[in-house]
Every structure is written in C-alpha cells, then in structure tokens.
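Good morning, everyone, and thank you for making time for this. Please have a look at the chain on the screen, and then I will walk you through it step by step.

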Amino acid sequence: MKWMFNDCESLTSLNLNNFNTSSVTNMESMFAICESLTSLDLCSFSFNKKPNCSNMFRSVGYKSTNQPISIYVTADGTTYFEEETTYIDSDYATLVVKGN
C-alpha cells in the first residue's frame with residue numbers, strides 16, 4: 001500500500017471500509033500530498049503487522065478547509081500515528097479516536 005494515494009491532490013474523500021490491511025507491512029506515504037481530503041476514516045484498518053507508516057499523512061488536508069480535517073482511527077491504531085513518524089501537521093489534520 002506504499003504510495004497508494006500519494007500525490008492525489010484533488011481527492012476529497014475515500015471509502016476505505018472494505019480494505020483488508022491485516023497482512024500489510026508498508027503504508028509509507030499512503031496519503032501523502034492528498035491536500036484536498038476533507039476527512040479520512042481508517043477505523044477498518046488493521047495494524048497487526050506493525051506497518052511502516054512514515055510520511056503517511058504528509059500534507060493531508062492542506063487545501064481542504066480553514067480548519068483541520070479529522071483522521072478517524074481506533075484506539076489500537078493510534079500508536080502508529082505519532083507526528084514525528086507520519087507527519088501529521090496539526091494545522092491541517094487531527095487524529096480522532098473512534099471505537100475500539
């Protein structure tokens with residue numbers, strides 16, 4: 001899944017509910033430079049394989065609104081989304097824990 005949606009600057013939404021990520025080991029730059037996203041729900045994602053998530057959210061939401069977009073994750077997924085690894089810029093995006 002490395003670079004899967006990378007540089008999709010005009011992409012505003014995604015439905016990722018049917019993605020099976022249980023065997024994924026690399027999500028590097030997956031959503032990098034998706035500057036127009038308005039929200040992102042990753043609650044269906046599994047992080048069992050402890051995937052590489054570096055640069056995953058670089059510039060996400062940069063052009064979408066005047067307030068940060070929400071990136072929804074489960075409590076289990078939050079450990080992989082530290083700012084220094086995934087580059088979540090709090091001016092443009094914020095993590096929201098939803099569900100278990």
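Let me begin with a question: which residue in strand 2 does Leu 40 stand opposite? The residue opposite Leu 40 is Ile 71, and I will come back to Ile 71 in a moment.

Before that, a word on what we are looking at: this is a predicted model, in which local features need pLDDT of at least 70 and side-chain atom pairs count only at pLDDT 80 or more, whereas totals for chains, interfaces and linings use all residues. Residues are numbered from 1 along each chain as its sequence is written, and side-chain values use heavy atoms, with hydrogens and water left out.

Now the overall layout. The chain has one helix and three strands, and from the N terminus on these elements run β-β-α-β; helices (H or I, at least four residues) and strands (E, at least two) are DSSP runs, numbered from the N terminus. Of the 100 residues in the chain, 38% are buried, where buried means under 20% relative accessible area, exposed means over 50%, and partly exposed is in between, using a 1.4 Å probe and protein chains only.

Let us turn to the strands, which are said to pair if DSSP finds at least two bridges between them. Strand 1 and strand 2 pair in the parallel sense over three bridges, while strand 2 and strand 3, the latter covering residues 93-97, also run parallel and are joined by five bridges. Strand 2 is largely enclosed by the rest of the structure, because four of its five residues are buried.

That brings us to the interior. In soluble globular proteins, nonpolar side chains tend to be buried together. A nonpolar core, as I use the term, is a set of buried Ala, Val, Leu, Ile, Met, Phe, Trp, Tyr and Cys residues joined through side-chain atoms within 4.5 Å. The largest one here has 21 residues, of which Phe 31, Leu 42, Phe 57 and Ile 71 touch the most other members, and strand 2 gives the most to this core, with three residues. Here is Ile 71 again: leaving aside residues up to four places away in sequence, its contacts (heavy atoms within 4.5 Å) include Leu 40, Leu 42, Phe 57 and Val 96.

Next come the aromatic rings, and here I ask how many aromatic pairs the structure holds. There are five of them, where rings of Phe, Tyr and Trp (its six-membered ring) pair if their centres lie within 6.5 Å, and planes under 30 degrees apart count as stacked, over 60 as edge-to-face and the rest as tilted. In one of these pairs, the rings of Phe 19 and Phe 45 have centres 6.3 Å apart and planes at 15°, so the pair is stacked. Since Phe 19 lies in the segment before strand 1 and Phe 45 in the loop between strand 1 and strand 2, this pair ties together parts that are 26 residues apart in sequence. Phe 19 counts as partly exposed at 25% relative accessibility, whereas Phe 45, at 5%, counts as buried.

Phe 31 and Phe 57 form a stacked pair as well, at 6.1 Å centre to centre and with 5° between the planes. Phe 31 is buried at 0% relative accessibility, and Phe 57 is buried with a relative accessible area of 1%. Ring pairs link these residues into a cluster whose members are Phe 5, Phe 19, Phe 31, Phe 45, Phe 47 and Phe 57.

Finally, the charged side chains. A salt bridge is a side-chain nitrogen of Lys or Arg within 4 Å of a carboxyl oxygen of Asp or Glu, and by this rule the count comes to one. The partners are Glu 28 and Lys 2, with 3.7 Å from N to O; Glu 28 is buried at 18% relative accessibility, and Lys 2 is partly exposed, with a relative accessible area of 38%. The charged end of Lys 2 also sits over the ring of Trp 3, 4.5 Å from its centre, a description that requires NZ of Lys or CZ of Arg to be within 6 Å of the ring centre and within 35 degrees of the ring normal.

Thank you, and I am happy to take questions.
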